[in-house]
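Below are my notes on the model you sent, as numbered points. Please read them with the structure open.

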Amino acid sequence: MTEAAGHQGKNLVVIIGAGRSGTTWLHLMLGSHPRVATGQESQVFARYLAPLMETWEAELDWSQGEGVRQHGISSYLTEERFVGLLRHFALEVMGSVLAEKPTATHLLEKSPNSSYHVDLINRCLPGVRFIHVIRDGRDVAASMLGARSGWGRSWAPSHVEQAALEWRRSVEAALQAKAFAPRYAEVRYEDLLEGGVAELSRLFDFLDVPVSTAEAQEIYEAHHF
């Protein structure tokens, strides 16, 4: 576990939101700051920690009546210890990117699937901060269908109804992170387009990462399209 990451994920930031909502755009802008380290989507929560937690919880639900033998790793670990191991795993995986950016004090993780696991993320890393990117669902659906005809054919929905349902489910799941305020911030994709410098400055302030207006302007212009 890295010192910069913090024992409870204090300096870990997770971007959540439906796919095609501008999460990658924000990820690139925030990650370009010298104090923020980031990398490829790790999927550490959705693909690794979530299945482990599901197995743990299912194991605890097994009947423990007379004559039933306890088995599984819950025979050896307390729940506190188990969650601590998940925390250590997540921080070790994501903390590895800090070695490549010596100026960084914050870790930034972005995987749209993380929207479905905010409770798990907060449970493992109770100091984590969430940034939720929300975009008009009609534009998200159109973008998903456009991706389907090209590079996104392996994951993008093929019908507008499926795209709309995916957007709704993801937004509703990500909104659960509101319960963790003041470690939760929202940003509208449309606001990033219209007032990007001000919004970017607000988000850096939310992360306690110092940035001047001129620096925010430079970052925004370098990634604007």
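1. In this predicted model, five strands make an open sheet with parallel pairing, in the order S2-S3-S1-S4-S5. Strands here are DSSP runs of E with at least two residues, helices are runs of H or I with at least four, and both are numbered from the N terminus; two strands pair if DSSP finds at least two bridges between them. The edges are held by S2 (36-38) and S5 (184-188), each with a single partner strand, so one side of each has no neighbour in the sheet. From one strand to the next the twist averages 25 degrees.

2. One pairing can be followed residue by residue. S1 (residues 12-16) runs parallel to S4 (residues 129-134), and four bridges join them. Isoleucine 15 has isoleucine 131 in S4 as its bridge partner.

3. On provenance: residues are numbered from 1 along each chain as its sequence is written. The model is predicted, so local features need pLDDT of at least 70 and side-chain atom pairs count only at pLDDT 80 or more, while totals for chains, interfaces and linings use all residues, and side-chain values use heavy atoms, with hydrogens and water left out.

4. The chain has nine helices and five strands, which follow one another from the N terminus as β-α-β-α-α-β-α-β-α-α-β-α-α-α. Its radius of gyration (taken over C-alpha atoms) is 19 Å, close to the 17 Å from the globule rule for 225 residues, so the chain is as compact as a globular protein of that length. That rule is 2.2 Å times the number of residues to the power 0.38. The C-alpha trace spans about 65 × 45 × 30 Å along its principal axes.

5. How do H2 and H3 lie against each other? The axes of H2 (residues 44-61) and H3 (residues 79-95) come within 11 Å and cross at roughly 170 degrees. Axes are lines fitted to C-alpha atoms over the stretch in contact, with angles from 0 to 180 degrees between N-to-C directions. The two helices are therefore roughly antiparallel, a term for angles over 145 degrees. Residues in contact (heavy atoms within 4.5 Å) include Phe45, Tyr48 and Trp56 from H2, and Phe82, Phe89 and Met94 from H3.

6. Helix H1 (residues 23-31) has seven buried residues out of nine, so the rest of the structure largely encloses it. Buried means under 20% relative accessible area, with a 1.4 Å probe and protein chains only. The seven are Thr23, Trp25, Leu26, His27, Met29, Leu30 and Gly31. Over the chain, buried residues are 45% of the 225.

Key:
Buried < 20%, exposed > 50% of the residue type's maximum accessible area, 1.4 Å probe, protein only. Parallel < 35°, antiparallel > 145°, perpendicular 65-115°, else oblique.
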